[in-house]
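This briefing summarises selected features of the structure shown below.

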Amino acid sequence: MDGRPNSDEILDLIFSSVASVLPGRDRLLTPGTRLLGSGAVLDSMGLVNVIVEVEQSLSEQFGVSCILADERAMSRERSPFRDIGSLAEYVMELVHGPSESTAE
Amino acid sequence: MGPPSQLRNSVVLITGTRKGIGRFLAGHFLRQGAHVEGCSRGPSGWEHPNYTHHLADVACEEDVLKMLASIRSRLGKLHILINNAGIASMNHSLLTPLESADRVMNTNFRGTFLMCREAAKLMRRERYGRIVNFSSVAVPMSLAGEAVYAASKGAIETLTRVLARELAEFGITCNAVGPAPIETDLIRGVPAEKIESIVQALAVRRLGTMEDVSNIVDFFVKPESGYITGQVIYMGGP
């Protein structure tokens, strides 16, 4: 419960979170699926729901409490919320620290 | 999913339950069979089988996240949040230390914001929630000597109205109660003549009671009050 998730578990958790907001679209989701900007599969409230869902699932499934929409995320030139892959990298960084995650 | 059919099945989170209005409201909901979670910076000093106390500073993000994670893992839901915790600092603005201003804004505004944000994330799952914030008659009365306190409560009113719009799609209402002076520690340091002048300026010229507060809170948190949001109800007619 309090073991930190690995990169595959984080990616699965994000797929599930996006699918919960977009029912019936889960088979179409890939790491490259856009969450923000042109071509995004979500509207602005959809993105809010996904971010909150990822936070809540991290807490429930792995006992990890974190805030995804923090200053670090908001101040980056390239938003970590732009697609599923970048969000997974960002969550990995938050959970394990920058040195253990893939550099952006 | 959705609203509890009665208060008996509700999970209620109240901040500042060690004493005063928070403690009274905790007892009020416990008597009706609700499960109550409460918090304060120190131990509660009282117990009840359906009450869980958290040692938490509402202005500390880490404390708030920990408290909500505990509620999520143990109960999985939250129906009602009552943001009662608050502090006051009565002084002329020209004699108000910056540290006092920061402390009042931190507990009153920052604490209310953090609690609303994290509680709404949990309420969102059930597509149902009732949030009651605490303003004060000091806001509409623009009370001299209460500049920072009134400003912090004014900020809470604006927060309440904006959250009402942002959270409506999750089935969450957000309202505020504005108490008149009540016999609690909050006004203990205020000169009697100052309290009397406030009371004399109210439509109903008496001190407020805990029951006056719970009456308004009860209205806001009823399942039937889903169409009541973004409202502030003041006690006594300021």
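In this predicted model, B:Ser40 has B:Leu55 of strand β3(B) as its bridge partner. The two strands concerned, β2 (residues 35–40) of chain B and β3(B), run parallel and are joined by 5 bridges. They belong to an open sheet of 7 strands in chain B.

**The sheet of chain B**
- The strand order is β3-β2-β1-β4-β5-β6-β7, and the pairing is parallel.
- The edges are formed by β3 (51–55) and β7 (232–234) of chain B; each has a single partner strand, so one side of each lacks a neighbour in the sheet.
- From one strand to the next, the twist averages 15°.
- Strands of a sheet pair through backbone hydrogen bonds, in either a parallel or an antiparallel manner.
- Helix α5 (residues 147–167) of chain B lies across β5 (129–134), β6 (172–178) and β7 of chain B, and runs at about 160° to β6(B).

**Helices α2 and α3 of chain B**
- The axes of α2 (residues 61–74) of chain B and α3 (residues 98–126) of chain B come within 10 Å and cross at roughly 25°.
- Because angles under 35 degrees count as roughly parallel, α2(B) is described as roughly parallel to α3(B).
- The crossing of α2(B) and α3(B) is right-handed.
- On the α2(B) side the contact is made by B:Glu61, B:Val64, B:Leu65, B:Leu68, B:Ile71 and B:Arg72; α3(B) contributes B:Leu114, B:Met115, B:Glu118, B:Ala119 and B:Leu122.
- This contact of α2(B) with α3(B) comprises 8 nonpolar and 3 charged residues, with no polar ones.

**Helices α1 and α7 of chain B**
- Helix α1 (residues 20–31) of chain B and helix α7 (residues 210–221) of chain B have axes that come within 10 Å and cross at roughly 60°.
- That angle makes α1(B) oblique to α7(B), and the crossing is right-handed.
- From α1(B), B:Ile21, B:Phe24, B:Leu25 and B:His28 meet B:Met210, B:Val213, B:Ser214 and B:Val217 of α7(B).
- By class, the contact of α1(B) with α7(B) has 6 nonpolar, 2 polar and no charged residues.

**Contact between the chains**
- Chain A and chain B each supply 6 residues to their contact.
- The side of chain A that touches chain B has 1 nonpolar, 3 polar and 2 charged residues.

**Confidence of the prediction**
- The average pLDDT of chain B is 95, and 99% of the residues score at least 70.
- For the complex, the predictor gives an ipTM of 0.86 and a pTM of 0.93.

Notes: Residues numbered from 1 in each chain as written. Chains lettered and ligands numbered in written order. Predicted model: local features only at pLDDT ≥ 70, side-chain atom pairs only at ≥ 80, totals over all residues. Axes fitted to C-alpha atoms, helices over the stretch in contact; angles between N-to-C directions. Helix = DSSP H or I, 4+ residues; strand = E, 2+ residues; numbered from the N terminus. Parallel < 35°, antiparallel > 145°, perpendicular 65-115°, else oblique. Left-handed = near helix turned anticlockwise from the far one by under 90°. Contact = placed C-beta atoms within 7 Å. Nonpolar A, V, L, I, M, F, W, Y, C, P; charged D, E, K, R; others polar. Pairing = 2+ DSSP bridges. pLDDT = per-residue confidence, 0-100.
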